[in-house]
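Here's a quick briefing to read alongside the model. Have the viewer open and follow along topic by topic.

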Amino acid sequence: MNALPFELPMAVQSAVADFSQETWWLTLIKAVFLIVFLILNVLIALWVERRGLGRMQSRPGPNVAGPFGLLQAIADAVKLLFKEDMWTRRSDKFLYLLAPVIAAFCAFSIFAVMPLGPNVNIFGYSTPLQMADMPVAVLYILAMASLGLYGIVLGGWSSRSTLPLYGAIRSSAQVISYELSMGMALVSVFIMAGSMSTSQIVASQENVWWAFALMPAFIVYCISAVGEVNRLPFDLPEAEGEIVAGHMTEYSSMKFAWYFLSEYVNMLNVSAVATTLFFGGWRAPWPFSYFGIMDGGWWGILWFFLKMWFFMFLMVWTRATLMRFRYDQFMALGWKRLIPISLVWIVLVAILRGVTNWVDVSLPVIAAVIVGVFVIALIVVWFTDGGEEEEDEAPADKPFDAFADGYPVPPLPGQTLPPSPRAGRAPIVIEEA
């Protein structure tokens, strides 16, 4: 067990993953289980999303392939498996094939450090329901998510086509921007839990989940996670009306299926991270937590599954409810809103942790002061940014030239297109025969 900067209670220490009796074949069993678990959850996600969107949008959704359309995802997989495998003539064949493999490999690797439950007895060995853990497990998660970006960028670049390259560039800018805010939202959890180990973070949430104690960080993480996985209203790299399917435009058959699979696995990844770091992980929710038999053992997989699917449903609900952002609005939200809020919150949480460690002051009093300072900071940021927008919109009286840069661009808010040069022409009159 890794050393913490402060001593955990004995009950919490017992919840930390103990790999002292781990064997190679137990690790192999866990690896196979995680792969099967993720693939089955992707099939469930495809069905839930289609049926859920259908109900939310007053249409039936898939209901032909199997009872209630349950076999629709399998039918789609078979279709992709037997679909013609096309290659673009000018593509870099090696990178063109490697890119979806990188994306899928990085997506499947993240679940290796997710604690699905506490230590249980498997074939006479005490082992945690977790494949691996390390003192910097959350940094490993962020690193694998960043490496997955190479699969997107290489896929767009190796196609040697305009639209996939545009989609890859958009996606790289989007993922980098929102990984910053998402990573900073997790820093406050590290400060309060005293560790970056996923099992120790779950153990630190025995009394209170960090989603409630660190509410601003939780909200920032949820918004950033939706942007990280390119879901509506943040699916700008795959804006169908502009660049078709983004970096996947030139892919077909199983190469496209690997990208499609990695996208849904990444949805499961961000949901699992939210569950582990903010929602108590495998711990039972109230009031089930009062029953000791339901707050541990194999029950942990059930609670983890239900919490993870709570976040999955939120992403489906968001897709059915909100419209797509403009790209400048989307980037401004990340850089001008989420990142400053995360920075201010990290400073306040660090002050709270330092004061409670060295001074005997009531925690609710300090928390109330910090929340007040945080609200004041939000108001200042809001009004300061609003003034900048007014300055930008002031010179709206200047004539707008859509072809000033050599190619047509749409007008910004406050700008109007000049009248059409054909507006003064006489209308064409067609005489009847």
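Which residue just after H9 takes a positive phi? That's Asn 230, with a phi of about 60°. Keep in mind that this is a predicted model.

**Helix H9**
- H9 runs over residues 215-228, and its 14 residues reach 20 Å from the first C-alpha to the last, close to the 20 Å expected.
- It's mostly covered, with ten of the 14 residues buried.
- Among the buried ones are Phe 218, Val 220 and Tyr 221, and the list also includes Ser 224, Gly 227 and Glu 228.

**The largest pocket**
- The largest pocket holds about 940 Å³ of space.
- It's lined by 36 residues, and Leu 46, Arg 50, Phe 256, Phe 260 and Tyr 264 are the closest to its centre.
- Helices H2 (24-56), H3 (72-82) and H11 (253-278) each put at least two residues into the lining.
- H11 gives the largest share of that lining, with nine residues.
- Sorted by class, the lining has 21 nonpolar, twelve charged and three polar residues.

**Salt bridges**
- In general, side chains of opposite charge can pair when their charged atoms come close.
- The structure has four salt bridges.
- Lys 30 and Glu 22 pair up at 3.1 Å, N to O. Lys 30 counts as buried at 10% relative accessibility, while Glu 22 is partly exposed at 22%.
- Arg 231 and Glu 49 meet at 2.4 Å, N to O. Arg 231 sits in the loop between H9 and helix H10 (240-243) and Glu 49 sits in H2, so this pair ties together parts that are 182 residues apart in sequence.
- Both partners there are under the 20% cut-off for buried: Arg 231 has a relative accessibility of 3%, and Glu 49 has a relative accessible area of 3%.
- Arg 50 and Asp 76 form another salt bridge, at 2.5 Å, N to O. This one links distant parts of the chain, with Arg 50 in H2 and Asp 76 in H3, 26 residues apart.
- Arg 50 is partly exposed at 29% relative accessibility, whereas Asp 76 is buried, with a relative accessible area of 16%.

Note on methods: Residues are numbered from 1 along each chain as its sequence is written. This is a predicted model: local features need pLDDT of at least 70, side-chain atom pairs count only at pLDDT 80 or more; totals for chains, interfaces and linings use all residues. Side-chain values use heavy atoms; hydrogens and water are left out. Helices (H or I, at least four residues) and strands (E, at least two) are DSSP runs, numbered from the N terminus. The expected span of a helix is 1.5 Å times one less than its number of residues. Buried means under 20% relative accessible area, exposed over 50%, partly exposed in between (1.4 Å probe, protein chains only). On a 1 Å grid over the protein atoms alone, a cavity is a set of points where a 1.4 Å probe fits but cannot get out, and a pocket is an open set with protein on both sides within 12 Å along at least five of seven lines; lining residues have an atom within 4 Å of a point. Grid points are joined across faces, edges and corners, and a volume is the space filled by probe spheres set on the points. Ala, Val, Leu, Ile, Met, Phe, Trp, Tyr, Cys and Pro count as nonpolar, Asp, Glu, Lys and Arg as charged, and the others, Gly among them, as polar. A salt bridge is a side-chain nitrogen of Lys or Arg within 4 Å of a carboxyl oxygen of Asp or Glu.
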